[in-house]
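I'll jot things down as I look them up.

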Number of protein chains: 2
Amino acid sequence: MAIKEIVFIGAGRVATQLGLTLREKNKTIVQVYSRSLKSASDLAQQVNAKAITDLSLLSMEADLYIISVVDDAIKDIAAQLQLGHKLVVHTSGSVSMNSINKASQNFGVFYPLQTFDKKKRVDFTKLPICVEGSNAEVESELFALGRELSEDVRMISSGQRLFIHIAAVYACNFSNFMYLMGAEILEFAKVDFDILIPLIQETAHKISGNHPYNVQTGPALRGDKLTMQKHLEILKDHPEKFDMYKNISRFITNYFTTHTTNPASEKPTK
Amino acid sequence: MAIKEIVFIGAGRVATQLGLTLREKNKTIVQVYSRSLKSASDLAQQVNAKAITDLSLLSMEADLYIISVVDDAIKDIAAQLQLGHKLVVHTSGSVSMNSINKASQNFGVFYPLQTFDKKKRVDFTKLPICVEGSNAEVESELFALGRELSEDVRMISSGQRLFIHIAAVYACNFSNFMYLMGAEILEFAKVDFDILIPLIQETAHKISGNHPYNVQTGPALRGDKLTMQKHLEILKDHPEKFDMYKNISRFITNYFTTHTTNPASEKPTK
């Protein structure tokens, strides 16, 4: 039976983008719960749902309950739910599926792998959705729901998901911090940050046809000590940028010294 | 007088993409010099030029000589040229303009800020080109040439250019290395790298309307120690990823503890 009526527990960035997208796919968002009335109302209004701030008012009639709160609160909030056989999922990368096994007999994970923002709409069409279920029926229901939103739905275990989450920290959070360091270094020379945008976007696009091993460039890869010394000399009055430059360059040099061929080269990237 | 005939000294990635683009703008590429006949011929063929491997055969009739060799070789090769008043430039981010002052009385820098590949064509239309000249006339000639290729040509001093180059190392080389670490972490869990592509591309696109300070996310920013500990626990058998995760997370936490507002916030990004 296809999922039609959905309750959101949580009204943050993931809940907002997922809620708006589900609504566009003609799902009914019945309720949005949040401890904060303002948060609950903000999202409820956008998806034509009722806002609630009291879990005892939770509808028992929905087909799916989506827990989308901060990681640390997922287990606690699940323990407060008594949903019998109703399907309940969380949307987190780093929390195991079993953390919510108190809430219902049918539980799972529905983890869209993307960086979300409350305001900026996210296109789910090609977005990887990682699905896991407490039993085969749950998995097939979640898979079907995922496929209504995206071409790319994958069965991923809690163990794998944790690795994916760490990989995402590197690829998204750490990369953005590298952009930020770049922005600060430009500030020193009174150059606008926007000069870096085409380079950043090309770097991100290159990897869609190539493994990042094959497109790594730069002085650390080449072992170009002269350029690295010149850069460090310039950064010497900025200890955090100096240390980071030195550390990451050393990691790159070591990595390519010990990995002289791409460890993933037998598996061509799609 | 507009630049029409061009000689390339060097046949690497920058020379290839710049040469192909100049050719499309109806410039004549007269010669391509490289120590390696194969490299010289490869590019010469693509831009309908003569390949030479001997600097004494250099045409003295061109309007512009573009030195596009590895950074360490620029000064040496310039010292071998005797071009009188002919316009000569290099294309490097980290080498000062004066490094080539032996080659001619009119010299400068023409530095396209992008990551280049011999094969993948680069669209120059919106690509920032950093220009510097030994005198006002040189600057205006190089600026005009830049504007034939790109909407975004900037007068940038050698000092500023060096900061831009360091910023580019962070934003491009270091970011790509973060993608590579993400790819390796996925390997541990037998998950295909392509699962990260939409996240990487969204992360790179977010900063075109937002300063990276404002879009930083992740456990280190939130001070979410529980998640960071969980991640480190998983990485403990992979010392290089463990150390890097710990180091960069510490940099992020420290940075946001000491910079509670965006240092660039008075200057809204374009």
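**Two helices in chain B.** I started with helix 9 (residues 225-235) of chain B and helix 10 (residues 239-258) of chain B, whose axes come within 8 Å and cross at roughly 160 degrees. Angles over 145 degrees count as roughly antiparallel, so helix 9 of chain B is roughly antiparallel to helix 10 of chain B. Next I looked up who does the touching: helix 9 of chain B brings B:Met228, B:His231, B:Leu232 and B:Leu235.

Chain A has a mean pLDDT of 95, and 97% of its residues reach 70 or more. But over residues 266-270 of chain A the pLDDT is below 50. Where pLDDT is low, the predicted coordinates should not be read in detail.

**Aromatic rings.** I found 20 aromatic pairs over all chains. One is A:Phe163 with B:Phe188, edge-to-face, at 6.3 Å centre to centre and 75 degrees between the planes. A:Phe163 sits in helix 5 of chain A and B:Phe188 in helix 5 of chain B, so this pair joins two chains. A:Phe163 is buried at 17% relative accessibility, while B:Phe188 is partly exposed at 31%.

I also checked A:Tyr255 and A:Phe256, an edge-to-face pair with 5.1 Å between centres. A:Tyr255 is buried at 0%, and A:Phe256 is buried at 13%.

Last entry: A:Phe177, B:Tyr213, B:Tyr255 and B:Phe256 form one aromatic cluster.

Key: Residues are numbered from 1 along each chain as its sequence is written. Chains are lettered from A and ligands numbered from 1 in the order in which they are written. This is a predicted model: local features need pLDDT of at least 70, side-chain atom pairs count only at pLDDT 80 or more; totals for chains, interfaces and linings use all residues. Side-chain values use heavy atoms; hydrogens and water are left out. Axes are lines fitted to C-alpha atoms, for helices over the stretch in contact, and angles run from 0 to 180 degrees between N-to-C directions. Helices (H or I, at least four residues) and strands (E, at least two) are DSSP runs, numbered from the N terminus. Angles under 35 degrees count as roughly parallel, over 145 as roughly antiparallel, 65 to 115 as roughly perpendicular and the rest as oblique. Contact means heavy atoms within 4.5 Å. pLDDT is the predictor's confidence in each residue, from 0 to 100. Rings of Phe, Tyr and Trp (its six-membered ring) pair if their centres lie within 6.5 Å; planes under 30 degrees apart count as stacked, over 60 as edge-to-face and the rest as tilted. Buried means under 20% relative accessible area, exposed over 50%, partly exposed in between (1.4 Å probe, protein chains only).
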